[in-house]
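These are my notebook entries on one structure. I set down what I looked up, topic by topic.

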Amino acid sequence: MTFVFTRRVSRVALLATLPALALGGFSVAAHAQRLPKTVRPEHYTLALTPNLKAATFAGDETIDLTLAAASKTITLNSAEISFKSVTATSAQGAAETATVSLDPDKEQATFTFPAELPAGKLKLSIAYTGILNNELRGFYLSKTEKRNYAVTQFESTDARRAFPSFDEPAFKATFDISLTVDAGDTVISNTNVIADKSAGAGLHTMTFATTPKMSTYLVAFLVGDFKCVSGESDGTPIRACATPGQEEKGKFAVEAAEYILHYYNNYFGIKYPMPKLDMIAIPDFEAGAMENFGAITYRETDFLIDEKTASLNQKKNVAVVVAHEMAHQWFGDMVTMQWWDNIWLNEGFATWMETKSVASWHPEWRYSQDEAAVLDGTLNLDSQPTTHAIRATADTPSEINEMFDGISYGKGGAVLAMVENYLGPETFRQGVHNYLAAHLYGNATAEDFWGAQTATSKKPVDKIMESFVAQPGVPLVTITSDGKNTVRAAQSRFYLTPGVKTAAADSEAAKAQSWTIPICFKAGAQNSCEMLARDSPAQPLKVPAVPFLFADGGAKGYYRTLYPKPTYEAILSHAETSLTPEERISLIGNEWAMMRSGRSGVGDYLNLVAALRAEPDSIVLEQALGKIGTINDRVATEGEREQLAGWIRSEFSPAYEALHPGSAEESPDKKQMRALLFGVLGNAGDPVVLAEAKLLAEKYVKDPSSVDPNLAQAALGVAAAHGDLVLYDKLLALSESTSDTAVKTTALFLTASFKDPVLVKRTLDFVAEGKVRNQDSWILLAALLNHRETREQAWTYIQQNWTKVSAQFTTSSGTRVVAAAGSFCSAEKRDEVASFFATHKVIAAERTLKQSADSINACVQLHQAQEPNLKQWLAAKSASSGVASR
Ligand code: BES
Ligand code: ZN
């Protein structure tokens, strides 16, 4: 029951069948409109005076720009801004005042001058006012019980809500920023403070050093009362800041940042360029975190932890989020994609890099196994017919926001990892360095990246990457045995659902699709990589002389593999002894995908899980057992659920008992394993575990720090799923009384795990009445839609109370609810979901709605295809052992 707020496919929260959580937007339907390239900003001088009580701000702005040709007009981006005056001063010194015309649809303003402005340098001075909104984007208000804060979130296209600007990533400029605020308040921005002067009448003005050349979406200024803890790395001062009283919980993030900054300085061979690195937790925050240059902002729950009481997963999460945003300081901030269609250059790279630095910081966290699990989820996502290519057209703000999904993040990162595995880490690193060095403080494209890698390695990286970046979907590599030293391999596009019938899948283009794929065979501790060429029907590949042939050595391959039966059986018999945990995760995912696509039966999958009964690694086992949750939810009938639960209890309680009662000193692995088995057995209705869960939950609501944090999540989830009114009330009371954000959120989210319709209604009312922070309300809705027992009630409620419910949404929540509605499993519900959202439009959810329909169809097919197999398998099991005991 851990929620992770990332746009990646989360291994914890998602069924393989759920659609991507695409970030949507409710921005005014702005039409594709790029600014002309003839006017280029060089420098912005920005002086802002926010009024936190009135929720407004005043701005004085000067933009130094260059006109490529004489012109009477200048057009830039602006939204929800009122202009007071606009004047232009040319090099000749003549000042001209403009009239302003607004195009709210395009989020543009055009200044028209009485006479033509000459080509060359020009100063544009703008006086304006704006609003501090409640939408968690642009310059917005965040509230605590004590006071208001005024903070910014500009990616992707919302800097234009704070200052009129050339708000496209390729219009890089330098910035001089100053803010005039209450004498008792402070301001944090991208660079260090260079002046702090009284501005009369209880105000002061804080002025920040000039920034390097950067894109508008990376500018940040945060106003209010922040307290910080500090650190340092390679001479760069680091701070973690939060609302007063919480700053100590930023210490862990500072430790992470200290390690990671040094790691990145070395890895990139380019030193972090800003005078300082601030990281700030914001009480109301749409995303998980945002990589503003030198001033990274975070959702509180993705940043603040108490090291003594945090679970391993919470620590890992904070470390990964910090590592991700810090990677962006190079990939994204110093070198930026030319346009949003290449957002994967930012997000795919940061996703790949976060795993590398965190794995180096804490090898014992086994982060590469999480990475293998994420890869498996991404492959499943990309095996749906409604997927899209990594690089896709994105012109409007809505389309741009829709790009931040499991493909840009997960597949982008996975393709980079595959190329690194093929080239070797040092060659790849050199290529990364060369790419960054060539485009510092500028912009770049995908071609620039693989061009640099190809030139550095002298290997066909361009062919590999081009085939994976420009084409949608996952290759299926079919291996047929041949001679002793070679096999034949053929490729085609892999779909998770058998017989997908969509125009896209049936098109000649999709049928003819092929890739340039590095296939790495496992050869002892080494890999032996061969290239499967594009457009070759069946190609002989050299294979190493090994006792068994495994085609995903290193577990980095972005493909599924179909083996001849004897080859597959040889892998199975070597799985526990000779494969790495990452490779076992790949094997499990591959078998699951073969089952989903109708190439094997659900019984084959369950037999594989049974064979892993003694699996020593909790992440591998979690991966295997997680998919049984899907079988339980989507394949089994009510009666079969009981039998399946019985099988799980008899199969896995010995392993659990062997770990019991456990001690405080045991290894983190063991703790993780116990928590996993506790959750699995609890969900399977094990009476001993259920009783213990209840006790632990009661202990937790009295004193959250009295329960081992690793076990707490599992125990609370089980207890809430079987919980009554008494526990519900205690959790709610805890979420209201505690000052610890992590505990508050945990307790609040647990209310969505109760199954009693009366309690489900209370949770839904709570959301609809606006009692949950807008940043969180979708999470409760999505959880209720995801649970089989509460899905129907939640869906009916959402439809009947749409006006109130949708009023709670932030930019991305609507899309996430559309995605969660994809967890139904009947044709009737598919049509109902489609027709509801056809009349209750959620902007930027177009692709997500298609994916939801896809998911429902896939579920219907999965149930039809595999339920008979499950029945048969369960019958055979009970005949042979009389399960369902204990
Ligand atoms: N750049 C994004 C945040 C973002 C995305 C802001 C889309 C606005 C629109 C940031 O780097 C990011 O990816 N954040 C993730 C967390 C990360 C650890 C995967 C998020 O917010 O989910
Ligand atoms: Zn990112």
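How far apart do the end C-alpha atoms of residues 252-468 lie, and what are the helix and strand contents of the span? I find the end C-alpha atoms 37 Å apart, with 59% helix and 9% strand. Helices (H or I, at least four residues) and strands (E, at least two) are DSSP runs, numbered from the N terminus.

**Basis.** I note that this is a predicted model, in which local features need pLDDT of at least 70 and side-chain atom pairs count only at pLDDT 80 or more, while totals for chains, interfaces and linings use all residues. Residues are numbered from 1 along each chain as its sequence is written, chains are lettered from A and ligands numbered from 1 in the order in which they are written, and side-chain values use heavy atoms, with hydrogens and water left out.

**Annotated spans.** I read in UniProt, from an unreviewed entry, the feature "domain: Peptidase M1 membrane alanine aminopeptidase" at residues 252-468. The UniProt annotation "domain: ERAP1-like C-terminal", also marked as an unreviewed entry, covers residues 551-857. UniProt positions are given in the numbering used here, feature names are shortened, and annotations may be inferred rather than shown by experiment. For residues 551-857 I record 73% helix and 1% strand, with the end C-alpha atoms 31 Å apart.

**Zinc site.** I looked up the protein donors of the zinc ion (ligand 2) and found His324 (NE2), His328 (NE2) and Glu347 (OE), at 1.9 to 2.1 Å. Donors are N, O and S atoms within 2.8 Å of the metal (3.2 Å for Na, K and Ca); water is not among the atoms, so the site may look incomplete. The spacing of the donor residues in sequence is H-x3-H-x18-E. Histidine 328 belongs to helix H2 (residues 312-330) and glutamate 347 to helix H3 (residues 343-361), 19 residues apart. Histidine 328 is buried at 0% relative accessibility, and glutamate 347 is buried at 2%. Buried means under 20% relative accessible area, exposed over 50%, and partly exposed in between (1.4 Å probe, protein chains only).

**Disulfides.** I counted 3 disulfides, a disulfide being a pair of cysteine sulfur atoms within 2.5 Å. Cysteine 228 and cysteine 241 have their sulfur atoms 2.2 Å apart; the S-S torsion is about 105°, so this bond is right-handed. Cysteine 228 is partly exposed at 28%, whereas cysteine 241 is buried at 1%. Cysteine 520 is joined to cysteine 529, S to S 2.2 Å. Cysteine 825 is joined to cysteine 859, S to S 1.9 Å; here the torsion is about -95°, so the disulfide is left-handed. Cysteine 825 sits in the loop between helix H26 (813-820) and helix H27 (827-839) and cysteine 859 in helix H28 (residues 846-881), so the bond ties together parts 34 residues apart in sequence. In sequence order of the bonded cysteines, the pairing reads 1-2, 3-4, 5-6.

**Sheet.** I traced an open sheet of 4 strands in the order S27-S24-S23-S28, with mixed pairing. Strand S27 (539-542) and strand S28 (560-562) are the edge strands, each pairing on one side only. Two strands pair if DSSP finds at least two bridges between them. Strand S23 (residues 474-481) and strand S24 (residues 486-494) are antiparallel over 8 bridges. Leucine 476 stands opposite serine 492 in S24.
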